[in-house]
Amino acid sequence: MITNLYRLVRQAAVNNQSTWLLLRTFSSWSLAIKNAKSPQRALTLYARMQRQAIPFDSFAILFTLKSCTHLGNLPLICHLHAHLLKLGFHIHVYVATSLLNAYIGTSFEYACKLFDEIPVRNTVTWNTMITCFSRSGNVERARKMFDDMPLRDLVSWSAMIAGYMNSGHWEEGVALFREMVIFEQLKPDQVTIGPVLAGCSEMGSIGLLLGKSVHGFAVKNNWELNVELGTCLVDMYAKCGFLNFASLVFDMMKDRNMVTWTALICGAAKNGFGTEALEIFKKMRQGDVLPNEFTFTGVLSACVRAGLIDEGRGYFKMIKECGLRPTIQHYGCMVDLFGKAGLLGEAYEVINTMPQEPNVAIWGSFLSSCKLHKQFEMAERVIERVMNVVRPENDGGVYTLISDLYVLGDKWEDAERVRQLMLHQNVRKSRGCSFIRNNTI
């Protein structure tokens with residue numbers, strides 16, 4: 001969109017060299033801001049326009065706002081907002097939407113206020129707020145925005161579906177996806193089906209059926225099996241336990257990135273194919289693909305599943321060799337690996353060398369190994385530390401584990417003390433559950 005002044009200048013540009021020079025000035029300044037090497041440089045150019053009294057057009061403002069969004073500087077964005085009000089550009093829907101986008105990254109409250117004040121909103125404006133509410137976890141407010149929209153496009157539906165899927169509301173997301181395809185007769189694109197496939201992996205056999213349908217839709221419409229689509233399919237099939245399908249899609253892909261390799265490695269490890277996961281990792285390294293932290297989590301999990309102690313030690317050292325810093329998940333895998341193998345001394349040493357405080361999952365893994373190998377003396381070293389970390393409302397299983405360990409060590413009074421503590425603090429233990437997977441699908 002261009003300003004009224006810009007349109008008037010164009011209309012008056014008949015055999016008028018000075019007017020054309022002014023038009024060129026508009027274009028050159030806007031282009032310079034657009035091509036600025038840094039947000040600071042864009043701001044410098046914008047400030048020079050103001051000091052030299054060069055008339056602003058909406059392009060210069062849009063490029064400046066887009067550049068400044070990356071800075072995440074709320075006072076700066078507020079200053080630009082005030083300047084736009086002074087210039088009268090706040091009524092331009094594209095400028096207002098760009099300003100809204102800048103606020104979303106710095107102040108959710110200010111973004112909501114600005115949205116209410118925008119006199120004219122387009123679909124992009126509404127979609128921006130839907131995405132904002134979804135990413136913040138407020139899918140109810142996002143759905144209200146979606147329902148209040150005067151006109152929806154494919155991006156609107158995709159944003160709302162992604163909001164449901166990313167927040168764990170898989171049934172609502174699938175229902176909305178079906179409504180979009182069946183009733184609105186909108187043809188989904190790869191942006192739409194990415195979150196749908198991610199949600200399918202969390203929905204068991206029903207999710208697998210939907211995932212296969214989405215895969216069939218992609219094949220029927222001759223979609224290219226690019227990195228994005230292929231990675232989503234590999235991840236979905238692997239998490240659903242169909243590693244053969246995941247491997248088939250993986251082999252059909254012409255291009256793969258680190259995320260694709262990691263999805264297959266983690267899927268193999270999760271489904272108990274530890275040795276196969278390590279073979280995939282070796283092929284990944286042979287292809288000069290650099291791993292990340294999640295890749296090593298999958299690799300170490302594979303070592304745990306397969307009971308490969310020496311390999312686990314080697315891969316743990318490799319994390320730093322690849323320029324990465326071990327995360328708490330990596331330390332947890334090593335504690336689990338050593339603990340299950342009965343190397344409780346090494347597991348205890350890993351815990352003591354962690355740069356961060358061990359979480360409940362690590363303590364639970366260590367105590368479970370102590371119980372498995374009947375090593376109450378090792379457990380007794382850490383019980384008091386664990387009791388300072390556990391929370392009654394979430395960690396009932398750890399309380400029960402500690403009580404069982406006291407019984408194992410013939411310390412009945414301490415066991416009774418923990419049980420009474422569980423009673424008085426209303427400690428809750430999650431109920432067990434099971435399911436049967438039907439592999440005939």
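## Two helices side by side

At what angle do the axes of helix α16 (residues 258-270) and helix α18 (residues 293-306) cross? In this predicted model, the answer is roughly 20 degrees, and the two axes come within 8 Å. Since angles under 35 degrees count as roughly parallel, α16 and α18 are therefore roughly parallel to each other.

Who does the touching here? On the α16 side, the contact is made by M258, T262, I265, C266, A269 and K270. Across from them, α18 brings in F294, T295, G298, V299, S301, A302 and R305. As for handedness, α16 passes α18 in a left-handed crossing.

The residues in contact are T123, N127, I130, T131 and S134 from α8, plus V155, S156, A159, M160 and G163 from α10.

## The buried side of α21

Now take a look at helix α21, which spans residues 344-352. Its buried residues are L344, A347, Y348, V350 and I351. They cover an arc of only 155 degrees around the axis, so they sit on the same side of α21. The general rule behind this kind of pattern is that an α-helix has 3.6 residues a turn, so residues three or four places apart point the same way.

What do the buried residues of α21 pack against? Their partners are three helices: α20 (328-340), α22 (360-372) and α23 (376-387).

F63 is found in helix α4, which runs over residues 58-69.

## The chain overall

Zooming out, the chain has 25 helices and zero strands. Of its 441 residues, 45% are buried. The accessible surface comes to about 24000 Å², and carbon and sulfur atoms own 53% of that.

One more number concerns the contacts in the chain with a separation of 6 or more: residues 24 or more positions apart account for 58% of them.

Methods:
Residues numbered from 1 in each chain as written. Predicted model: local features only at pLDDT ≥ 70, side-chain atom pairs only at ≥ 80, totals over all residues. Heavy atoms only, no water. Buried < 20%, exposed > 50% of the residue type's maximum accessible area, 1.4 Å probe, protein only. Helix = DSSP H or I, 4+ residues; strand = E, 2+ residues; numbered from the N terminus. Arc of directions from axis to C-beta. Contact = heavy atoms within 4.5 Å. Areas by Shrake-Rupley, 256 points an atom, 1.4 Å probe, with all protein chains shown as cover. Axes fitted to C-alpha atoms, helices over the stretch in contact; angles between N-to-C directions. Parallel < 35°, antiparallel > 145°, perpendicular 65-115°, else oblique. Left-handed = near helix turned anticlockwise from the far one by under 90°.
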